[in-house]
Amino acid sequence: MDHKFTEQIKQWLETPEAERDYTVGALYLLKLSGNQIMYRNIISQIDRRHDFVEYQLQKYLNFRLQALTHEQVQQMEKEVEQIVAEHIPLAATAAENHAKGKRSDHDLLPDEIKAKYVENLSLLQRMRELHLRLRSLSLENSTCPDSERYPFLKELITLDKKLHANWEAYDHFVLPDPNAEPARSASSTKSLGSAKNAKRAASSKKK
């Protein structure tokens, strides 16, 4: 589908009626339908066919937007399949598998970093719940299956991004080296310099 053309139709319909170019609208309709006879009839009495052109373009736009939404949902489903393959088995035995990702220096980490580890356990559990609800959805009699699946797919993808961000922060946090010399502050360095200058001045006076 030509998404750019879909956007052009949408923009035409959103243009105030007094500012619309209905010959352009008729051309859009010709491109959509391929009906040359209908196009010639519209052009021959364009001033009286405004409502017809608008109605037909709106109908085509609705179909195209529905198809676009379906494409988006299909893409999201593929993404969720990968997420499920990677994480849902972990969630099934969350306590055991979560412990495998625990750092040996976990107890030394700041509380805000420890919290990311704990939060990920809850995220995995929630992701498993969403996956089970997705699998149990009955879409046979649904008028719009895509709209039924969309919120679950969207939340799963959002939670997965949060999960990865938490692991990234947790796994790569570097504890300060206890043997490293504490860095001197600018004020202390300035004070030390002043003391040395004063010592030099006193020494010069004695000479």
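Is Tyr 117 buried or exposed? With a relative accessibility of 8%, Tyr 117 counts as buried, and in this predicted model the residue belongs to a cluster in which ring pairs link Tyr 117, Trp 167 and Tyr 170. The chain holds 8 helices and 0 strands, so that its pattern, read along the sequence, is α-α-α-α-α-α-α-α. Of its 207 residues, 28% count as buried, and among contacts between residues at least 6 apart in sequence, 70% join residues at least 24 apart.

**Nonpolar cores**

- The largest nonpolar core has 22 residues, of which Val 80, Met 127, Leu 134, Leu 153, Leu 156, Leu 163 and Tyr 170 touch the most other members.
- Two or more residues of this core come from each of helix 4 (50-92), helix 6 (111-136) and helix 7, and the largest share, 8 residues, is given by helix 7.
- A second, separate core is made up of 17 residues, including Phe 5, Ile 9, Tyr 28 and Leu 32.
- Leu 163, one of the core residues that touch the most other members, is in contact with His 87, Asn 120, Leu 123, Leu 124 and Met 127 when residues up to four places away in sequence are not counted.

- Leaving aside neighbours within four places in sequence, the contacts of Asn 166 are Lys 116, Glu 119, Asn 120 and Leu 123.

**Aromatic pairs and charges over rings**

- The structure holds 5 aromatic pairs, and one of them joins Phe 5 and Tyr 28, whose ring centres are 5.4 Å apart and whose planes stand at 85°, so the pair is edge-to-face.
- Because Phe 5 lies in helix 1 (residues 3-14) and Tyr 28 in helix 2 (residues 22-33), this pair ties together parts that are 23 residues apart in sequence.
- Another edge-to-face pair is formed by Tyr 117 and Trp 167, with ring centres 6.0 Å apart and planes at 80°; since Tyr 117 lies in helix 6 and Trp 167 in helix 7, the pair ties together parts that are 50 residues apart in sequence.
- The charged end of Lys 31 sits over the ring of Phe 5, at 4.1 Å from the ring centre, while Arg 103 lies over the face of Tyr 170, at 5.9 Å from the centre of that ring.

- Within helix 3 (residues 36-44), the residues Met 38, Tyr 39 and Ile 42 are buried, and because they cover an arc of only 100° around the axis, they lie on the same side of helix 3.
- An α-helix has 3.6 residues a turn, so residues three or four places apart point the same way.
- Ile 37, Arg 40 and Ser 44, by contrast, are exposed on the other side of helix 3.
- At the start of helix 3, a side-chain oxygen of Asn 35 reaches to within 3.2 Å of the backbone nitrogen of Ile 37, which is itself one of the exposed residues of this helix.

Conventions
Residues numbered from 1 in each chain as written. Heavy atoms only, no water. Buried < 20%, exposed > 50% of the residue type's maximum accessible area, 1.4 Å probe, protein only. Helix = DSSP H or I, 4+ residues; strand = E, 2+ residues; numbered from the N terminus. Arc of directions from axis to C-beta. Polar contact = N/O pair within 3.5 Å; in protein donor to acceptor, adjacent residues only side chain to side chain. Contact = heavy atoms within 4.5 Å. Core = buried A, V, L, I, M, F, W, Y, C linked by side-chain atoms within 4.5 Å. Phe/Tyr/Trp six-rings, centres within 6.5 Å; stacked < 30°, edge-to-face > 60°. Lys NZ or Arg CZ within 6 Å of the ring centre and 35° of its normal.
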